[in-house]
Amino acid sequence: RLGRGTRSLHDTVASLELVRTARRLKPDVLFLPKAENIHSQAVKMAAAATGTRLITWYPDHPFKADMTSMNILRNLPAYDIFYIWGRFLLETLHAAGARRPDYLPFAFDPMTHPDEVDSSADQLRRFDCEVCFVGTWDRERERDLAPLALFDLAIWGPGWQENLLASSPLRAKVRGGALYNEDLVRAYRGSRVVFNHLRLHNGSAHNVRSMEIAGIGGGAQLVRRTPELARELFTEDEHLLCFTDE
């Protein structure tokens with residue numbers, strides 16, 4: 001976690017390196033996945049110096065204040081293609097200046113979450129539960145997980161023990177910190193139900209967890225119903241269980 005001054009220096013160096021590398025390689029296409037720390041002027045300089053086509057894929061909400069960057073918004077007209085994970089954002093992106101916004105959903109990476117993992121008796125006991133949730137604490141997630149405290153719920157992720165009140169029924173459900181890679185596979189396969197907290201800013205779309213839970217296999221995915229999840233990417237009651245309220 002960089003301080004403000006160090007982060008500013010880091011971003012400046014990264015931006016200068018982008019321009020230098022683009023001038024050296026003269027690419028036909030320059031792909032910047034997210035890249036919100038790259039100064040908008042550096043992106044324009046790289047494009048002007050090389051004539052490259054600019055493409056980005058933005059995995060967060062480009063118009064939500066705590067998730068976006070002015071570097072991204074200033075350069076909306078500069079990108080030849082602006083890929084986004086939700087169709088509901090396409091018209092807004094176009095109205096804000098993006099020349100060609102296009103839909104590119106999240107995906108599952110089997111190299112990050114391998115199919116074959118060690119599933120010893122100790123590992124099975126560690127992750128066995130009725131319902132599991134993996135993710136960082138916040139108030140919205142605490143509120144939405146509260147009804148599941150009636151079940152054998154297991155929570156993994158940072159911030160839960162530090163932020164839950166002593167009286168919270170969720171406190172006894174916290175089993176540990178963040179899970180990644182093989183441990184995430186074990187957790188999802190050790191649970192009967194995997195809760196996917198789809199935030200309201202994901203609109204009618206999906207999130208990366210939607211793909212990870214489906215790709216890993218194991219517990220049934222329980223997620224807020226959206227048209228994309230229930231009808232387009234998956235089939236409700238076959239691939240996932242959907243809800244609309246508590």
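These notebook entries record what I looked up in the predicted model.

**Basis.** I worked from a predicted model in which local features need pLDDT of at least 70 and side-chain atom pairs count only at pLDDT 80 or more, while totals for chains, interfaces and linings use all residues. Residues are numbered from 1 along each chain as its sequence is written, and side-chain values use heavy atoms, with hydrogens and water left out.

**Overall.** I found 10 helices and 10 strands in the protein; these are DSSP runs numbered from the N terminus, helices being H or I of at least four residues and strands E of at least two. I noted that the C-alpha trace spans about 60 × 40 × 35 Å along its principal axes. Of the 246 residues, 44% are buried, that is, under 20% relative accessible area, with exposed meaning over 50% and partly exposed in between (1.4 Å probe, protein chains only). I recorded an accessible surface of about 13300 Å², 53% of which belongs to carbon and sulfur atoms; the areas come from the Shrake-Rupley method with a 1.4 Å probe.

I traced an open sheet of 6 strands in the order 7-6-5-8-9-10, with parallel pairing; two strands pair if DSSP finds at least two bridges between them. Strand 7 (174-176) and strand 10 (240-243) are the edge strands, each pairing on one side only. From one strand to the next, the twist averages 30 degrees.

I then looked up individual pairs. Strand 5 (residues 129-134) pairs with strand 6 (residues 153-156) in the parallel sense over 4 bridges, and Val131 has Leu153 of strand 6 as its bridge partner. Strand 9 (residues 220-224) pairs with strand 10 in the parallel sense over 4 bridges, where Gln221 stands opposite Leu240 of strand 10. In strand 10, Leu240 and Cys242 form the covered face, whereas Leu241 and Phe243 form the uncovered one.

**Helix pair.** I examined helix 8 (residues 181-189) and helix 9 (residues 208-216), whose axes come within 9 Å and cross at roughly 75 degrees. Axes are lines fitted to C-alpha atoms, for helices over the stretch in contact, and angles run from 0 to 180 degrees between N-to-C directions. Helix 8 is therefore roughly perpendicular to helix 9, a class that covers 65 to 115 degrees. Contact (heavy atoms within 4.5 Å) is made by Leu184, Val185, Tyr188 and Arg189 of helix 8 and by Arg209, Glu212, Ile213 and Ile216 of helix 9. I counted these residues as 5 nonpolar, no polar and 3 charged; nonpolar covers Ala, Val, Leu, Ile, Met, Phe, Trp, Tyr, Cys and Pro, charged covers Asp, Glu, Lys and Arg, and the others, Gly among them, are polar.

Conventions
Parallel < 35°, antiparallel > 145°, perpendicular 65-115°, else oblique.
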